[in-house]
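Please look over the structure below before reading on. The briefing that follows takes its topics one at a time, beginning with a term that the first topic needs.

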Amino acid sequence: MALDLGVFCKNTLDGEVVDHCFSALFGLGQNADPSYLDWLLKAWGWTLAVAGLGLLIALVLGAAMGTLRTLPDTGRSSRVLVRLSTAWVELFRNIPILVQVFLWYHVIPAFIPPLKAFPSYWLVSIALGFFTSARIAEQVRAGIQALPSGQRAAATALGLTTAQSYRYVILPMALRIVIPPLTSESMNLIKNSSVAFAVSVPELTLFAMQAQEETSHGVEIYLAVTLLYALSAFAVNRAMAFIEKRSRIPGFIAPTNDAGAH
Amino acid sequence: MLSLDLSFYNWELFTNYILKGLLFSVQLTVFATVGGIIFGTFLALMRLSGKPSLAYPAIFYVNIMRSIPLVMVILWFFLLIPMLIGKPIGADLSATITFIAFEAAFFSEIVRAGIQSVPRGQGFAAEALGMTYGQNMRFIVLPQAFRNMIPVFMTQTIILFQDTSLVYAIGAYDLLKGFEIAGKNYGRPIETYILAAATYFVICFSLSKIVRRIQAKVAIIR
């Protein structure tokens, strides 16, 4: 089965081979007809944009919810917050990501009209962010609970309030412990961004489906898309490894806790 | 605020549209779990065998399945299977084969962790008693490993049930598609998406509560 990689230099409008395949990228150069390679790279950009925005939302919300789940029982308000964050995690873990994307895209803008003004990929990013935030919340909670209980006791003994003890004692250590699971969550996020095809965000999976129909060179198209997904995941992995190295505390061996597959 | 009218959701709607999708989703989950555990055990044993000719293909396969999005795997199989067998294939059968192959990779990681959690002394004692590798695996190691891994298997099955909604990509008729078509036919897409989310939530949440209860009972006290 021979692979025809020349399909990438074909014009998307009429199938002719584009003259300057690489210099025609992004409309540079004399011949500005879009080739499949051009379309592929733009789709990759969309994937990274959706995933990046989703990751931002997920980190902020996930860290917040994970922290709230570990609040000590100091009265009614802390119990309410613990229950709220538990409900949040259970809600977003038990609904499939595709269903959540449909909810954010079709259902919630009907209830919150200002959301209708958002571009569609923002809504997908929000859906991805909320879905992943539930998983990140669980990992942040595990990270906080991995710290010795003496840390909290010492913080209280020093006269720090709950908020101060989290800010200065618990979270700096817990967030460092959590970086390895966060790496795998970020890689999962890149993979989960593929569900954006269902709401016509022009990212890699939609490109794969449409280009495969147009050119009927499915194997080459799918190979390129797969390669770009693997490359993106690898890049995220290396970026997180760099962050972990830079934020390492000398002499502190984090208790590792691998929770299995997926 | 939008007013929701859920009155159209009756037994007739359920049996006409949604039951078929629910049965397909459940069937897909069951096949993928059983097939995934069987092939996953083989993959795990290949990886732990210590022979590079067996271990490296297994590692390669598992890493590939873990690094590609599931939607892409579904699309790949939907493209390749007709190419390989020479005639077109339905979305349902393609989805089943895809999910068995995909979940085998994830279950193999679980089984591998389970086998490695059995104390090594068990294997040495089996060898001292004169058991072969096969007898050791069958009577000593795998029973203990599987008992440890039952809660993790069930959690993976719940995740798998959620992932079956992704067969939307090839148009297979699963639970989500059933709700969507019902919504289009009755002209109420918003209510049906909410009902779909609620259905998935109720099923997955109940199952995860059951898993938690089983986890307490199954643990081996050492």
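The angle between two helices is taken between their N-to-C directions and runs from 0 to 180 degrees, and each axis is a line fitted to C-alpha atoms over the stretch in contact. With that in mind, helix 5 (residues 150-157) of chain A and helix 6 (residues 162-177) of chain A pack at an angle of about 135°, and their axes lie 10 Å apart. The model is a predicted one, and it scores ipTM 0.89 and pTM 0.88.

- The crossing in which helix 5 of chain A passes helix 6 of chain A is right-handed.
- On the side of helix 5 of chain A, the residues that meet helix 6 of chain A are Gln151(A), Arg152(A), Ala155(A) and Thr156(A), while helix 6 of chain A brings Ser165(A), Val169(A) and Ile170(A) to the contact.
- Sorted by class, this contact of helix 5 of chain A with helix 6 of chain A holds three nonpolar, three polar and one charged residues.
- A second pair is formed by helix 4 (residues 120-145) of chain A and helix 7 of chain A, whose axes come within 11 Å and cross at roughly 160°.
- That angle makes helix 4 of chain A roughly antiparallel to helix 7 of chain A, and the crossing of these two helices is right-handed.
- From helix 4 of chain A, the residues Leu128(A), Thr132(A), Arg135(A), Ile136(A) and Gln139(A) meet Pro181(A), Leu182(A), Glu185(A), Leu189(A) and Asn192(A) in helix 7 of chain A.
- The residues of this contact of helix 4 of chain A with helix 7 of chain A comprise five nonpolar, three polar and two charged ones.

- Most residues other than glycine have a negative phi.
- Is Ser200(A) buried or exposed? A residue counts as exposed if 12 or fewer other C-beta atoms lie within 10 Å of its own, and Ser200(A), with 12 other C-beta atoms within 10 Å, is therefore exposed.
- Ser216(A) also has a positive phi, near 50°, in a residue other than glycine, and the place of Ser216(A) is in the loop between helix 8 and helix 9 (218-246) of chain A.
- Because Ser216(A) has 9 C-beta neighbours inside 10 Å, Ser216(A) counts as exposed.

**Chain B as a whole**

- The C-alpha trace of chain B spans about 70 × 50 × 30 Å along its principal axes, and of the 222 residues of chain B, 36% count as buried.
- Among contacts in chain B between residues at least 6 apart in sequence, 75% join residues at least 24 apart.

**A buried loop residue in chain B**

- Ala172(B) is found in the loop between helix 6 and helix 7 (175-186) of chain B, and because it has 24 C-beta neighbours inside 10 Å, Ala172(B) counts as buried.
- Although Ala172(B) and Asp92(B) are 80 residues apart along the chain, their C-alpha atoms are separated by 5.8 Å.
- Not counting residues up to four places away in sequence, Ala172(B) touches Ala91(B), Asp92(B), Ala95(B) and Val167(B).

**The contact between the chains**

- The contact takes 34 residues from chain B and 31 residues from chain A.
- On the side of chain B that touches chain A, helix 3 (70-85), helix 4 (91-117), helix 6 (133-163) and helix 8 (189-218) of chain B each supply at least two residues, and helix 8 of chain B gives the most, with eleven residues.
- By class, the residues on this side of chain B divide into 28 nonpolar, five polar and one charged.

**Confidence in the prediction**

- The mean pLDDT of chain B is 89, and 94% of its residues reach 70 or more.
- Chain A averages a pLDDT of 86, and 88% of its residues score at least 70.
- Over residues 257-262 of chain A the pLDDT is below 50, and this stretch has twelve contacts in the model beyond near neighbours in sequence.

Key
Residues numbered from 1 in each chain as written. Chains lettered and ligands numbered in written order. Predicted model: local features only at pLDDT ≥ 70, side-chain atom pairs only at ≥ 80, totals over all residues. Contact = placed C-beta atoms within 7 Å. Helix = DSSP H or I, 4+ residues; strand = E, 2+ residues; numbered from the N terminus. Nonpolar A, V, L, I, M, F, W, Y, C, P; charged D, E, K, R; others polar. Left-handed = near helix turned anticlockwise from the far one by under 90°. Buried ≥ 20, exposed ≤ 12 C-beta atoms within 10 Å, placed from the backbone. pLDDT = per-residue confidence, 0-100. Parallel < 35°, antiparallel > 145°, perpendicular 65-115°, else oblique.
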